[in-house]
Amino acid sequence: MTDPRPAPPGRLLALDALRGVAALIVLVHHVSMTVPAISAAYESSDGVALWSVGWWTTLSPLKILFAGPEFVLVFFVLSGFVLVLSPLAATAYNWRSYFPRRIIRLAVPVVVSVALAAAWIALVPRTGGDAGGAWLARQDDPNVGLANLLSEASVIGSTNRPDVNPPLWSLAWEMWFSLLLPAGVLLAAATRRWTPIWAAVLIAVSGFGYVEHIEPLMYLPAFALGTLLAANVDALRARGAALTAHRWGTVAWVGLTALGPLLLIAHWLVRPLVSGPWGDLTLALRVPGAVLIVAVVALWPPLQRPLTVRPLVWLGSISFSLYLVHFPIVVAFGNIFGPSRWWLAALVSVPLSLLLAQLMYRWVELPSQRFASWAGRAAAHPSRPARLTRAARVTRAARVTRVTRAARS
């Protein structure tokens, strides 16, 4: 494990750590789905026996530890919160620099992840069949044709479930929001007045999207609610401090801290009792749940302190890479060891995913960030040559010195 780099000024390490926790839960969710009893309970609650492993992981409060799709909504809220902070604070934000920086920042690791996923599929053919459960069976026979690989690597080519590296479905929405960020900034500025009404409207739009199965309405409001948080963060922090000073302030904060995860998994807790549109509405509760989780971490300092321990900060630093690389590893070892030895597959796939995420972060993500910064500077000042790196400046200075000495001699 490498020491995480210090956070830039104004950056909240606890939110980075929350992103790391979310990525880890997505990993745990996918590992759990290699267990046939759990994947069957995930598909349907019919016949799930009380106290069985399927019940514990899908219908009990422990579902929060396996709530992978739900924590993807936390990613969305975090992105909405973080991305609008700089444009809102700037008097004249340089959009010419932003777009290449953001696109490269997302696209380069995605392209590498698709190549790695294809390599895993070539090394370990996905032929588990129905014996491994419904979830593993769905991963059989992925389309590794060049056209499909290019489509998945393009990110915004389609928002359907990718075939080679399925977690990329969320990156399509991340990219769309990134491209629409100017509109998000305008929305954030507008929400500084009548904030509760804006929040209610966005939650209602999301609920309508879940009931009608309209994906843009399901997911984009989560980003928008994150921008609402960012636009009002100073006022909310002041109110949070006033709440903390209240006699029952700590009790209220603890209640809000518990309410977020409860809303996030509420659909599962009531799933055996509701169906149809009512079931879809309970599924939509994950959106305000994700918002509340991010808000409490951002606004309540006592919760931030335990999230800034070194392992969680490190996990936050590799969270994007972990999200991108883990899925083909989980599926590969699920096929290698089979459903009866899922625990052995987990013992291999979890640490291997963390290791490869660290390597991906070190050798792909960090270089892509540096390249993105260079491209952003070049786009911001197209008539000015990009600033030389330190090594290039040293090399050029040495060359000038040698030429000068040769001329004098």
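A nonpolar surface patch is formed by Leu 50, Trp 51, Trp 56, Leu 62 and Leu 65, which together have about 530 Å² of accessible area. Patches consist of residues with over 30% relative accessible area and no salt bridge, nonpolar side chains being joined within 5 Å; a salt bridge is a side-chain nitrogen of Lys or Arg within 4 Å of a carboxyl oxygen of Asp or Glu. Areas follow the Shrake-Rupley method with a 1.4 Å probe. Trp 56 lies in helix α3 (residues 53–58) and is partly exposed, at 35% relative accessible area.

The model is predicted: local features need pLDDT of at least 70, side-chain atom pairs pLDDT 80 or more, while totals for chains, interfaces and linings use all residues. Residues are numbered from 1 along each chain, and side-chain values use heavy atoms, without hydrogens and water.

| Property of the protein chain | Value |
|---|---|
| Helices (DSSP runs of H or I, at least four residues) | 22 helices |
| Buried residues (under 20% relative accessible area) | 47% of 409 residues |
| Accessible surface | about 20000 Å² |

Helix α11 (residues 195–212) has 18 residues and reaches 26 Å from its first C-alpha to its last, close to the 26 Å expected at 1.5 Å a residue, taken as 1.5 Å times one less than the number of residues. Its buried residues include Thr 195, Leu 202 and Tyr 210. Seen down the axis, the buried residues of α11 fall within an arc of 155 degrees (from directions to the C-beta atoms), so they line one face of the helix. They pack against α4, α12, α16 and α17. His 213, with a positive phi near 55 degrees, follows α11.

Definitions and conventions
Patch = residues over 30% accessible without salt bridge, like charges linked within 9 Å, V, L, I, M, F, W, Y side chains within 5 Å. Helix = DSSP H or I, 4+ residues; strand = E, 2+ residues; numbered from the N terminus. Buried < 20%, exposed > 50% of the residue type's maximum accessible area, 1.4 Å probe, protein only. Contact = heavy atoms within 4.5 Å.
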